[in-house]
Structure formats: C-alpha cells, structure tokens
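Work through the exercises below with the model open. Each task is followed by a solution in steps.

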Amino acid sequence: MKYISTRGKVAPIGFIDMFLMGLGEDGGLIVPEAIPTVSAEQLKAWSGLSFQEVMFNVFSLYTNGEIPDDDLRKLIADSYAGFTSPDVLPLTKLSDELSVMELFHGPTFAFKDVALQFMGNLYAYVAQKRGEVINILGATSGDTGASAISSVRGKEGIQICILHPDGKVSRVQELQMTTVQDDNVLNLSVNGNFDDCQRIIKDLFADVKFKAKYHLRAINSINFVRILAQAVYYFYAYLKLPEAVRAGGINVSVPTGNFGNIFSGYLAKKMGVPINQLVLATNENNILERFIREGMYKPEGFKSTHSPSMDIQIASNFERYLYYFLGEDSAEVTARMNRFKAEGQLAFTAEEVERIQRDLSAYSVSNEECLETIRGYEEKYGYLLDPHSACGVAAYERAGGKGEGVFVSLATAHPAKFDEAIKLLDIEQKFPERISDLFDKPQRQVSVDNSEEAVAALLVDFYRVDN
C-alpha cells in the first residue's frame, strides 16, 4: 500500500511517511493508491468483534506492516482505554427504523476523540521510534482542538498549536482547550471564523520551506489517518446491528461541516460496507447541500448557528471526494481546484449532479428545526441530542422511507458541550464531572490577528526545530 496526492505531484510514500506529511506537498490531499476491499465473507467473519479488533483489522489493510502487529494492538488498546463505554461506541436503538451510534464517550465528549486519541498515541510512537520532532498545527471549529490537545498534552517530543475562531465556539469547547496548562500546548484565538483559521493552516502547510523547518504535522482531517480511523465506526455500526436487520444494507445519517466524517463513510462503503444511503446533514451553512442538490460548490456568507462545529463554508475534504468522483484524474482535480481558487465557485453539469446524488443525499437543518428535533426526541424517547446530532436525526426523518434498510444516525457530541442551545428549550441537564470542573479553572490563550504572518510569528517562538 502506497499513498499519493489528489493532485498527482507526490511520489508514492509509505504509511508513516503519509501520516507525517499530512497535507500533500503539492497542496493536494493524500489518498491510498488503491482502496482495499473487504469481501462479504470477511465482513461476516468480523461479526461479534470488539471495536478495537475491528480497528486492528481495518488498519492492517493500510499499514504495510510498518507498525508491528503487537505495537498496533497496543496503540489501539491505549487509545480507547479511557472511553467510558465498554463498547467504546455504543449503539442505542430508538425505534425499529433508527439507531443512534454514540461517538462521544471519549475524554472530550466528541466524535473527534475516536480518531485523535489514536493519532496522538501514533505521533508519540513515531517520535520515540524515529527520534522525530513533532510540531502539530491544527484549526478547530470547536471539537477537534480539545480532542487533539487531550491526545498529546504533556507528551515528550510533541508540541501542539490549535487555532480557534474567537467567540465562535461553545463555552465548554473553549474551556476544554484553554484550561490546559501544559507547556507543550498553545491556543490561538483568531479574530475571524473557522474558515479563516483553516485557510491560515493550509497556507502554512503549503509553504514547504516553513513546514519542513518547523516539522509541521497535521491533526485535522486533511490527515488521511484521521479519515481512516473514522471509517472504522461505519464498519462497527454495521456489525453491531443484528444480522437480520442489516441484511439489506444500512443507511447512515452523518452530521458534517468539513466533509471529513461523511467522506470516512464514503471510504467505508468503497471498502465493502453495505451502505445504501449516505445522508449528509448540515446546518444553515449549507454549501455542501447545495453542491449535492444543485451542483454548485460556492460559499455564501457565514452564519452562526446552534451547531457551531458545522459552521463551515470551505470543506477541506471536498477535494478527496472530487478525486474519486473524477475517476482519480489528478490533472482534472488540479484544474478544478485552481478554478475554484480563482473564481470562488465550482459548477457541475446536470449529468455530474445525477452521479453525485447516487453517492450522497443532503439536507440542511435550520436553527428552529434543530431545536424542535432536540425537544421532540427528548419528549418521545427521553433521549437528549446535542445540536449537531439533532441535525443528523432531522436529516434522517426527511430521508427515511426513501430506500431499503434501517438507519444509523451518528451522535457526534455530548449535549453538555452545547448547553447554550439546550437551555433555550428549558431543558436542564446534568453535566459530567469532567465538564462541570472546567468552569473553575484558569484559562490560557493568545489572541491573534486573522493573518498567516501573525500566526507564523507566534509559531516561530513556540515550536522546537532541533532534530
């Protein structure tokens, strides 16, 4: 298994080199040369396995033996030892048609923990084995930052800087990042929105000299290892359902803003998971819905919503989907992404839209519908959804009945992380102790202007550059 760039200018590399590269040095995203497939017989043989065992089996198809089996098993075991559910990701049945897979039982109560706890341990493993300097740089719309910091705080040989948009994450998300006092952590509060933070990150990674000098490593979903780790829970969701229920294939509703979570589902489907519908759920920042429904990929004004982790206009994983949609034609991907950069939009033909809609369906959920869904499910099932998970369930309700198979909707965060929205419904919730304790802790963060130069100047002072 070798890895290449969506833009075709990166020589094939191995698993660990791919992990360390993060963003392709040609500005593209890293993908495997060929996607391995899991046969129906092999998938059936995985029934009854734990999440950790499923993850080992999936990753073994991609690692080329670069990580010995015993080491890989230990990395996986250590990564999920702190999850509060014995199933790691429990599947909760709400009705005969709908089950919710809870992805928020990790240390920061968000689905990002599933990939980032593993990636933090993998970075520490590589730092030790290779003597590498690991300087992690990432942007967050709220959850990625807290999870990434949790995964590497205090670890020898690793420093991490996370950018977040000032005032545009929830209070709990902010506290989970900024109350960490470890000296290997730097939080930058950017005067802008998440798309500004993401643009700065991608520009810094695209500066090959700066990236090499400061050993920049990616924790965002531009890193394929994160996509692969998230793909595992699509396998696990399918395998956790009773065999009779999953016989006709399943449907999955996926809250997503950066296209990473649903691209992981797309990857799992290409690998062999019998997924009939992949439903993309988003909020009023609905660029992805318009792309799928109308064939127009174009940002149209940022809106603050009750689901701030999806308040995103430019989806960094869009290019990975485009690569496969265009038949793995790197030259055409490059041409279209250059056109998007120049014109600020991409238009697709009617025939292309028809093909897109065979892969994906999409629904955007208004603030009002989001709150109504939270209230409705709390009253009907006694089940409290966070605003992002509520968008997923609302999308399921609109997509339900349009095909065969049951639905799994992904619950991406604990509702305690978004109490601002829950309080609007006069619902009182009990906070987990790890969240309630945050409010008494001092914060540490640095405010910074919305510019690559301002951020780079702070990184020069923070990162180690020695080998």
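**Exercise 1: The second largest cavity**

α8 supplies three residues to the lining of the second largest cavity, the largest share. This is a predicted model, in which local features need pLDDT of at least 70, side-chain atom pairs count only at pLDDT 80 or more, and totals for chains, interfaces and linings use all residues. Residues are numbered from 1 along each chain as its sequence is written, and side-chain values use heavy atoms, with hydrogens and water left out.

Task: which residues line the second largest cavity, and what is its volume?

Solution. 
- Step 1. On a 1 Å grid over the protein atoms alone, a cavity is a set of points where a 1.4 Å probe fits but cannot get out. A pocket is an open set with protein on both sides within 12 Å along at least five of seven lines. Lining residues have an atom within 4 Å of a point. A volume is the space filled by probe spheres set on the points, which are joined across faces, edges and corners.
- Step 2. List the lining: A139, Q198, I201, K202, N220, I222 and S316.
- Step 3. Read the volume: about 40 Å³.

**Exercise 2: The largest cavity**

Task: where does the largest cavity lie relative to domain 1 and domain 2?

Solution. 
- Step 1. Count the cavities. The structure holds three of 30 Å³ or more. The largest has a volume of about 250 Å³.
- Step 2. Find its centre. Of 25 lining residues, F111, K112, G257, N258 and S309 lie nearest to it.
- Step 3. Name the helices. α6, α10 (224-240) and α12 (260-271) each give at least two lining residues. Helices (H or I, at least four residues) and strands (E, at least two) are DSSP runs, numbered from the N terminus.
- Step 4. The lining has eight nonpolar, 14 polar and three charged residues.
- Step 5. Conclude. Domain 1 (86-108 + 225-425) and domain 2 (133-214 + 431-466) both contribute to the lining, so the cavity lies between them. The domain bounds come from an automatic or database domain assignment.

**Exercise 3: K112**

Task: is K112 buried or exposed?

Solution. 
- Step 1. Locate the residue. K112 lies in helix α5 (residues 112-130).
- Step 2. Apply the cut-offs. Buried means under 20% relative accessible area, exposed over 50%, partly exposed in between (1.4 Å probe, protein chains only).
- Step 3. K112 has a relative accessible area of 7%, so it is buried.

**Exercise 4: The largest pocket**

Task: which element gives the most to the lining of the largest pocket?

Solution. 
- Step 1. Take the volume: about 670 Å³.
- Step 2. Take the lining: 20 residues, with R7, K202, D203, I314 and K341 nearest the centre.
- Step 3. List the elements with at least two residues each: α8 (194-206), α14 (318-325) and α15 (330-343). α8 gives the most, seven residues.
- Step 4. Sort the lining: eight nonpolar, four polar and eight charged.
- Step 5. Domain 1 and domain 2 both give lining residues, so the largest pocket lies between them.

**Exercise 5: Positive phi**

Task: where do V88 and H215 sit?

Solution. 
- Step 1. V88 is in the loop between α4 (69-80) and β3 (91-93). Its phi is near 70°, a positive value in a residue other than glycine.
- Step 2. V88 is buried because its relative accessibility is 1%.
- Step 3. H215 is in the loop between α9 (208-213) and β8 (216-218). H215 is not a glycine either, yet its phi is positive, about 55°.
- Step 4. H215 counts as buried, with 11% relative accessibility.

**Exercise 6: The whole chain**

Task: how many helices and strands are in the chain?

Solution. 
- Step 1. The chain has 21 helices and 15 strands.
- Step 2. Of its 467 residues, 62% count as buried.
- Step 3. The C-alpha trace spans about 55 × 50 × 50 Å along its principal axes.

Technical notes: Ala, Val, Leu, Ile, Met, Phe, Trp, Tyr, Cys and Pro count as nonpolar, Asp, Glu, Lys and Arg as charged, and the others, Gly among them, as polar.
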